[in-house]
Amino acid sequence: MYLSILKKDLKRKKTMNVVLLMFIILAVMFVASGLNNVMTVINGTDYYLDKADIGDYVIITMGDDSTGNAAPILDKAECVKSYKIESSIFGSQDNVRMIDGTDTETKNITLFQSISDTKLKFFDVNNEPVTEIKQGEVMVAGDFIKNNDFKAGDYIRIKLGDVQLDLKIAGKVKDAFLGSRFMGNTRFLLNQSDYDKFMSDESIKAHYQGEIAYIETDDVSAVKNAISDIPGVAFDGTRDMLKMCYVMDMIVAFIVLILSICLIVVSFVVLRFSIGFTIAEEYREIGVMKAIGLKNRKIRGLYIVKYMIMSTVGGIIGLFASIPFGKMLLMSVSENMVLGNTAGILINIISTVGTMALILLFSYSCTGKVKKLTPIDAIRSGQTGERFRKKGFFRIGKTNAKPAVYMAVNDILSAPKRFMTVIISFFICTLFVLMLVNTVATMKSPNLITTFGTESDLYITDVDSAMTIKNTGNKEGVKKELKRISDEITAKGMPCEVSVDIQYKYKVTSNEKACSISCAQSVGIGTDEYEYSEGTAPKYKNEIAITPQVSEMLDAKIGDTVTIDFGTEKVDCVITAYFQTMNQMGELIRLSDEAPTDMSFVSVARQYQVDFTDNPSAEEIENRKERIQKLYDNLDVMTATEYCIDCVSVVPTMEAVQYLLLAITVIVVILVTILVERSFISDEHSQIAILKAIGFRSGTIIKWHTLRFGIAALAAAILAAIASIPMTELCISPIFGMMGANDIDFNIDPLQIFLIYPLVVFAVTIITACITSLYTKTIKTSEATNIE
Amino acid sequence: MSTVLTAKDLCKTYIVNKRQNNVLKNVNFSIDEGEMVAIMGPSGSGKSTLLYAVSGMDSITAGEVDFSGRNIAKMDEKKLAELRLDEMGFIFQQMYMLKNLTVLDNIILPSCQSKKIKETRKETVQRGEALMRKLNIIDIADNDITEVSGGQLQRACICRSMINNPKIIFADEPTGALNRSSSDEVMEELSKLNNDGTTIMLVTHDVKVAAKCTRVLYIVDGNIKGEYNISKCENASQIRERERVLNNWLMEMGW
């Protein structure tokens with residue numbers, strides 16, 4: 001009997017069972033791949049950094065005569081267990097061109113190194129160590145090859161000083177230090193003899209050479225203190241900070257995990273509905289089984305066996321599907337990393353077994369109702385006749401709505417629990433998509449600009465600007481340089497003022513703690529033009545503003561005094577304000593205009609900011625952007641929004657994840673709608689037949705069924721849209737916090753949140769429900785006579 | 001009196017497992033306005049199939065069904081639905097109604113759907129309540145359908161069948177699921193409706209029910225084997241006599 005009931009169930013509810021199986025497959029697939037990816041990425045960062053032998057602390061020195069300064073200090077420092085130094089030439093986008101002389105796209109400062117001199121381990125696309133590069137060839141780290149549509153075998157032209165070489169691209173290398181999305185520098189690895197040719201140029205040797213030191217230590221704070229005496233430090237960072245640079249890769253993996261959890265919740269909601277529904281439909285059979293003496297355990301077992309079969313089949317398919325799916329999700333991550341996944345398959349198996357066990361536990365709890373029913377209750381189809389709840393407070397006599405509309409609304413109002421499956425699952429999926437939409441919209445908006453600087457009409461990111469600024473000698477020189485640029489632009493009919501925010505590396509001491517910290521000072525922008533979260537803008541030579549991160553590093557608050565060694569003099573500075581920034585992951589000090597900065601300590605001057613004085617329209621600014629691009633032969637002229645996107649750098653990945661989520665939401669919406677609608681049709685078979693018998697057309701019945709789903713979907717989408725605003729702040733703020741911005745003004749696009757996405761969910765639901773409800777056409781009026 | 005319904009050479013064939021089953025074989029009959037016709041016969045004789053074939057709820061294999069001058073065999077599904085909604089009423093053995101609607105809302109639902117009825121929703125409600133009052137179930141107007149007895153629910157189904165003022169009511173064993181007292185109540189209401197001029201065609205196994213009709217058609221193996229005409233019922237003593245006579249006739253027919 002067991003087998004025949006089971007066979008009957010599987011056959012009769014084919015569509016429902018297939019959809020349920022799909023949910024189990026999806027849930028297992030997402031849990032297994034999501035958990036695996038998180039484990040791989042979290043452990044993978046350490047695994048990769050260890051494999052690359054990056055050490056505990058990294059510093060970069062660059063600029064005039066910056067070589068040879070680090071070694072003597074590191075030798076003396078007791079906290080340094082060992083260190084490795086490699087020399088490098090620092091350049092820019094202008095140094096690398098296509099073979100025909102046209103521009104290439106590189107990001108940030110570019111580095112040129114000999115493979116023979118590298119101390120960091122590099123890996124090819126197959127994760128094999130790269131130890132040799134032939135003369136005349138070059139291997140490139142980062143996204144340079146992809147962004148410029150190059151392939152192995154293509155040639156590029158590198159010109160440093162007066163030396164120009166055409167080199168064949170031998171392939172891509174994975175760079176643990178500079179290859180992350182946050183660092184994003186392009187490193188070119190050369191054969192020693194080619195490198196020597198470049199170094200034969202004296203100007204390169206004197207001005208563009210620098211060093212990278214990888215330090216092993218047990219005391220990172222002490223190293224920070226020790227290296228604060230090294231001149232020309234352009235960058236220094238701990239291993240933890242470098243790990244944080246892979247935060248976006250981890251975020252993508254975490255999003256997949258959260259998505260998996262959402263899908264499990266949806267799967268369980270659907271499962272609960274489905275099991276409950278199956279049992280409700282079979283009250284009579286259950287009653288008969290009970291009446292003839294079958295024990296509750298046996299009856300429950302019947303249903304559990306079904307879900308065991310389904311979860312086993314779904315689990316096995318989901319497990320196998322999770323492997324390529326996980327790889328696909330990690331594709332963007334593994335492009336830049338060497339990931340260790342020795343326990344990978346085991347995690348997948350454990351996740352699968354866990355999910356299957358959860359499904360079985362859940363089905364066991366859902367079948368609990370079998371125990372409560374007496375045989376006669378069950379035979380009476382669960383109707384005990386003792387239901388006195390007032391129904392139908394929405395009355396057809398009090399509305400002019402058409403019967404189909406009335407019945408749809410009344411069904412939801414009379415039995416809201418029946419629609420909870422639809423509302424909850426649609427709500428969860430839509431909320432998740434909308435949170436990402438809000439995040440991406442924020443990343444693509446000028447809202448973040450204050451976390452990078454001040455808002456201007458245009459930003460010219462010239463990676464060579466740090467060198468240019470250094471060469472101006474002093475602040476007056478910088479002003480002259482800015483005046484020259486603004487005059488050039490103004491002469492072309494675009495009256496403007498040009499400013500620049502310069503970052504210096506200085507040794508800062510507080511409470512006997514000394515660190516080398518980036519300090520920002522602007523030329524052309526008043527310190528009071530920046531936003532501060534607390535306190536007042538630094539005004540005098542001995543006033544500074546700090547970020548919460550620096551406050552923690554130095555153990556100093558507003559009103560405290562810290563000492564900054566400006567090279568020319570040491571100044572005791574009072575902290576007057578807090579501010580937030582995503583520059584340097586939040587590790588930044590803002591100096592007043594009066595601070596005695598020196599150009600030899602410049603580390604970064606990433607962008608010139610252009611403010612037009614004739615208040616042009618947005619369209620005109622766009623037009624001027626193109627003209628300035630042509631004027632300076634530089635494609636990196638950006639509006640505020642574009643500049644934010646460029647700085648955050650993960651917008652394309654987040655957008656891809658957003659669309660992936662939307663696709664998954666659409667799939668969930670389709671599957672849930674099919675499953676629930678087919679269940680409803682099965683439940684309402686007799687009512688549909690009666691309606692048809694008394695003269696209701698199929699079209700009216702389809703409209704009734706479709707509208708119910710439309711209303712439920714719309715309610716879920718609107719609730720999700722409303723909830724997405726606080727939920728985005730709650731869940732996404734910590735992510736920005738990791739990047740340095742603790743208080744983000746999220747950009748909520750009402751059109752997307754309240755119209756486009758709810759409309760997508762609504763439209764998909766309506767279409768699916770309409771197509772599924774076409775099945776009601778097969779119910780004949782004559783079936784009204786065969787009602788059980 | 002004009003003829004409401006005429007069946008000419010009506011045939012209905014089912015094919016089950018490649019085997020042809022002729023359920024109705026050249027059935028011919030007609031029903032005049034104001035008649036109350038009972039279809040009787042042994043189980044599987046084709047009573048219900050005949051009812052659904054002539055009411056447009058089921059397709060026919062051959063023949064003609066003329067309803068008020070229109071051949072419903074040639075009508076498409078949309079037209080048939082319209083016809084059933086506006087000009088026919090249905091009562092089934094199972095008192096099936098929409099679960100989420102109150103009794104009154106179930107009753108007036110067909111009227112709200114009908115394009116023929118040109119009245120405000122308030123007037124529809126009033127008509128529904130008047131019908132319920134007439135059938136003595138006004139007290140359950142706002143009740144959930146699970147809160148009322150079978151007899152009350154079947155009377156509600158009669159109200160629903162009446163709401164669009166149909167030309168004919170088709171009833172398939174309307175008392176089949178009821179106890180004797182509820183059955184009597186329901187038949188009393190149907191008789192009253194018939195006395196008011198409503199044409200009724202019903203299928204029954206119950207001689208007591210058939211005795212309240214004006215004509216009985218006896219069907220065996222898809223053919224009308226006999227027809228028994230009775231005058232309109234006047235009082236209770238007449239009923240008992242009619243039941244006896246009808247019973248004798250049915251015995252003759254092989255009942």
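At what angle do helix H3 (residues 103–113) of chain B and H5(B) pack, and how far apart are their axes? Hello everyone, let me start there. The angle is about 25°, and the axes lie 7 Å apart. The axes are lines fitted to C-alpha atoms, for helices over the stretch in contact, with angles running from 0 to 180 degrees between N-to-C directions. H3(B) and H5(B) are therefore roughly parallel to each other; the labels here are under 35 degrees for roughly parallel, over 145 for roughly antiparallel, 65 to 115 for roughly perpendicular, and oblique for the rest.

Before going on, some housekeeping. This is a predicted model, in which local features need pLDDT of at least 70 and side-chain atom pairs count only at pLDDT 80 or more, while totals for chains, interfaces and linings use all residues. Residues are numbered from 1 along each chain as its sequence is written, and chains are lettered from A and ligands numbered from 1 in the order in which they are written. Helices (H or I, at least four residues) and strands (E, at least two) are DSSP runs, numbered from the N terminus.

Back to our helices. From the H3(B) side come Val103(B), Asn106(B), Ile107(B) and Pro110(B), which meet Ala156(B), Cys159(B) and Arg160(B) of H5(B). Contact here is C-beta atoms, placed from the backbone, within 7 Å. By class, that gives 5 nonpolar, 1 polar and 1 charged residues. Nonpolar covers Ala, Val, Leu, Ile, Met, Phe, Trp, Tyr, Cys and Pro; charged covers Asp, Glu, Lys and Arg; the others, Gly among them, are polar.

What follows H5(B)? The loop between helix H5 (150–162) and strand E7 (168–172) of chain B holds Asn165(B). Asn165(B) is not a glycine, yet has a positive phi of about 50°. With 14 other C-beta atoms within 10 Å, Asn165(B) is partly exposed. On that scale, buried needs 20 or more other C-beta atoms within 10 Å, exposed means 12 or fewer, and partly exposed is in between, with C-beta atoms placed from the backbone.

Staying in chain B, there is an open sheet of 4 strands, antiparallel, in the order E2-E1-E4-E5. Its edge strands, each pairing on one side only, are E2 (19–32) and E5 (70–71). Strands pair if DSSP finds at least two bridges between them. E4 (residues 62–67) and E5(B) have 2 bridges, and Asp66(B) stands opposite Asn71(B).

Now to chain A, with 25 helices and 21 strands. Its C-alpha atoms fill a box of roughly 100 × 55 × 55 Å along the principal axes. Of its 788 residues, 50% count as buried.

Let me zoom in on one loop. Asp555(A) sits between helix H19 (548–554) and strand E16 (561–565). Here is another positive phi in a residue that is not a glycine, about 55°. Asp555(A) counts as exposed, with 12 C-beta neighbours inside 10 Å.

Ile564(A) lies on the covered face of E16(A) with Val562(A), whereas Thr561(A), Thr563(A) and Asp565(A) make up the uncovered face. Finally, E16(A) and E17(A) form a hairpin with 4 residues between them, where Gly567(A) in the turn has a positive phi of about 90°.

How values were computed: Two residues are in contact if their C-beta atoms, placed from the backbone, lie within 7 Å.
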